[in-house]
Amino acid sequence: MTGAMKTAQSEVSPDSEQIRDSDLAHLLHPWAPIERARDEPLIFRSGRGITLTDIDGNEYLDAASGLINVNLGYGRDDLVAAAAEAIQQLSYGTLFYGRGSVPAARLASKLAEITPAGLNRFFFTVGGSDANDTVIKLVRHYNLLRGRPEKQHIIGRRQSYHGMTIGGWSLTGDEGLWKDFGERLPGFSHIDQPADAADAALLEEEILRIGPERVAAFVGEPISMPARINIPPDGYWQRIRAICDEYDVLLSIDEVITGFGRTGRMFAVEHWGVRPDFIQLSKGITSGYLPLGAVGVTDEVIDFIAAGGRLSHGFTSGGHVASCSVALATMEIMEREDLVERSAVAGAYLLRRLEELVERHDLFIRARGLGLLAAIDLDAGVDAEVRTRLAEGVLRRGVLVRPYDDRGTMGFAPSLVVTEAEVDEIVSRVDAAADAAA
Ligand SMILES: Cc1ncc(COP(=O)(O)O)c(C=O)c1O
């Protein structure tokens with residue numbers, strides 16, 4: 001946050017220095033250096049719509065919806081009320097031992113209605129990483145029950161992200177994230193991201209290299225964030241599905257980022273008409289208001305694993321009543337406000353505005369997007385100093401984007417309720433930062 005410009009001053013809270021001290025001395029932040037300079041923590045106190053206010057009273061337009069999860073925007077009373085009412089009724093209700101809760105049952109039924117055909121059973125987790133771990137365990141369980149103990153290998157993709165638990169991390173295809181923590185779980189390998197539809201053949205090659213009798217599943221996000229929002233060419237996912245079918249390999253689609261309207265469809269796989277065997281969900285499921293994840297499983301898989309009797313897997317807070325209630329309210333709001341369609345329309349507008357930036361500035365080389373998941377790339381020739389100036393300038397002008405380490409790409413994923421005027425404001429601030437950086 002070095003040198004941040006105050007974009008709007010409200011009251012600087014009297015306790016802001018104390019909060020900064022506490023953060024610096026006692027908080028370990030994910031994906032951040034352990035020791036940070038005094039002016040670095042960017043600590044937020046409140047949020048409304050797409051605007052966040054920090055403890056010094058500066059306002060920021062959140063063009064990344066938190067971690068691409070606050071899909072309905074900050075500060076919605078209807079979502080707060082859904083959480084409060086749920087825990088007033090029943091503060092906690094386990095789903096273990098076949099017990100249940102009203103919101104969990106209703107949400108599972110709602111998910112069966114809105115997810116791709118065939119996914120009719122849902123397992124609730126706390127977030128996206130444990131949803132991925134759940135898929136890994138269910139895939140193993142399935143093949144053990146089918147009498148194929150050697151069929152356990154899972155293929156993922158490079159430049160993918162499936163979470164930071166030991167399973168999700170082993171599946172994640174990013175060497176930069178592996179190096180600090182020693183050995184990953186055995187039984188995973190990774191293929192390259194697609195540049196064109198024919199790259200689905202990489203999966204077939206990898207299945208044949210490992211041996212089809214050993215390959216249990218392929219897991220991928222419809223669009224990978226670490227691959228700089230790589231929107232796959234049409235035909236890629238359809239071919240992946242066909243290859244999985246040919247070699248009796250389960251297909252698990254991680255819609256943790258792309259689910260719930262983010263790409264202009266309820267789920268991104270709908271763009272390509274692909275029916276997965278598993279789906280991983282989280283983030284937008286509660287609009288980020290409370291932690292929740294889910295794994296959807298097809299009837300075919302259930303038919304096999306039902307024979308195993310008890311499912312010996314679960315998390316104390318998976319499917320918490322308050323989270324499920326907020327998720328149900330999120331679905332209701334999305335339907336009432338037609339937010340999937342709004343995401344498609346606002347996304348097309350955002351992309352048009354980003355393309356104008358590419359036209360106007362030599363710094364930028366291309367823009368791409370699907371619904372409200374978009375990116376703009378810097379020309380490879382732009383030197384590191386200018387990239388840094390641009391990234392800092394965008395932040396100083398009060399815009400939060402999805403950053404990339406080399407600052408060669410900026411990701412945009414504003415909330416699905418973003419207005420055209422807010423898109424214009426975000427783009428004009430990036431425009432000004434680009435002018436200043438060049
Ligand atoms: C595609 C995908 N899968 C899994 C995860 C992990 O989710 P969580 O951070 O909730 O554990 C993420 C998080 O960003 C994600 O983007």
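Guide: We begin with a definition: a residue is buried if its relative accessible area is under 20%, and exposed if that area is over 50%. The model before us is predicted.

Visitor: Is Ala-82 buried or exposed?
Guide: Ala-82 belongs to helix H3, which spans residues 77-89. Its relative accessible area is 9%. Since the limit for burial is under 20%, Ala-82 is buried.

Visitor: How far apart in space are Ala-82 and Leu-328, C-alpha to C-alpha?
Guide: In sequence, 246 residues separate Ala-82 and Leu-328. In space, the distance between their C-alpha atoms is 8.5 Å.

Visitor: Which helix gives the largest share of the shell around the ligand?
Guide: The ligand is surrounded by residues that include Gly-128, Ser-129, Asn-132, Tyr-161, Asp-254 and Lys-283. By class, the shell divides into 3 nonpolar, 6 polar and 3 charged residues. The largest share, 3 residues, comes from residues 128-145, that is, helix H5.

Visitor: What percentage of the ligand's own accessible area does the protein cover?
Guide: A polar backbone atom of Tyr-161 is 3.4 Å from a ligand nitrogen. On its own, the ligand has 390 Å² of accessible area.

Visitor: How many disulfides does a search of the whole structure find?
Guide: Cys-244 is buried, because its relative accessibility is 1%. Cys-324 likewise counts as buried, at 0%. The number of disulfides found in the whole structure is 0.

Visitor: In strand S9, which residues point the other way from Phe-278 and Gln-280?
Guide: In a regular strand the side chains alternate between the two faces of the sheet. Strand S9 covers residues 278-281, and its four residues are buried. Phe-278 and Gln-280 point one way. Pointing the other way are Ile-279 and Leu-281.

Visitor: In which sense do S9 and strand S10 run, parallel or antiparallel?
Guide: S9 is joined by 3 bridges to strand S8, residues 250-254, and those two run parallel; there, Ser-252 has Phe-278 as its bridge partner. On S10, residues 293-298, Gly-296 stands opposite Ile-279. S9 and S10 are joined by 4 bridges, and their sense is antiparallel.

Visitor: Which strands stand at the edges of the open sheet of 4 strands?
Guide: This sheet has mixed pairing and the order S1-S2-S3-S13. An edge strand here has a single partner, so one of its sides is left without a neighbour in the sheet. The edge strands are S1 (44-48) and S13 (399-400).

Visitor: In S2, which residue is the bridge partner of Arg-48?
Guide: S1 and S2, the latter at residues 51-54, pair in the antiparallel sense over 4 bridges. Within S2, the bridge partner of Arg-48 is Thr-51.

Visitor: What is the relative accessibility of Phe-260?
Guide: Most residues other than glycine have a negative phi. Phe-260, in the loop between S8 and S9, has a positive phi near 60°. Tyr-97 also has a positive phi, about 55°, and is exposed with a relative accessible area of 71%. Phe-260 counts as buried, because its relative accessibility is 0%.

Note on methods:
Residues numbered from 1 in each chain as written. Predicted model: local features only at pLDDT ≥ 70, side-chain atom pairs only at ≥ 80, totals over all residues. Heavy atoms only, no water. Near = heavy atom within 4 Å. Polar contact = N/O pair within 3.5 Å; in protein donor to acceptor, adjacent residues only side chain to side chain. Areas by Shrake-Rupley, 256 points an atom, 1.4 Å probe, with all protein chains shown as cover. Nonpolar A, V, L, I, M, F, W, Y, C, P; charged D, E, K, R; others polar. Disulfide = S-S within 2.5 Å. Buried < 20%, exposed > 50% of the residue type's maximum accessible area, 1.4 Å probe, protein only. Pairing = 2+ DSSP bridges.
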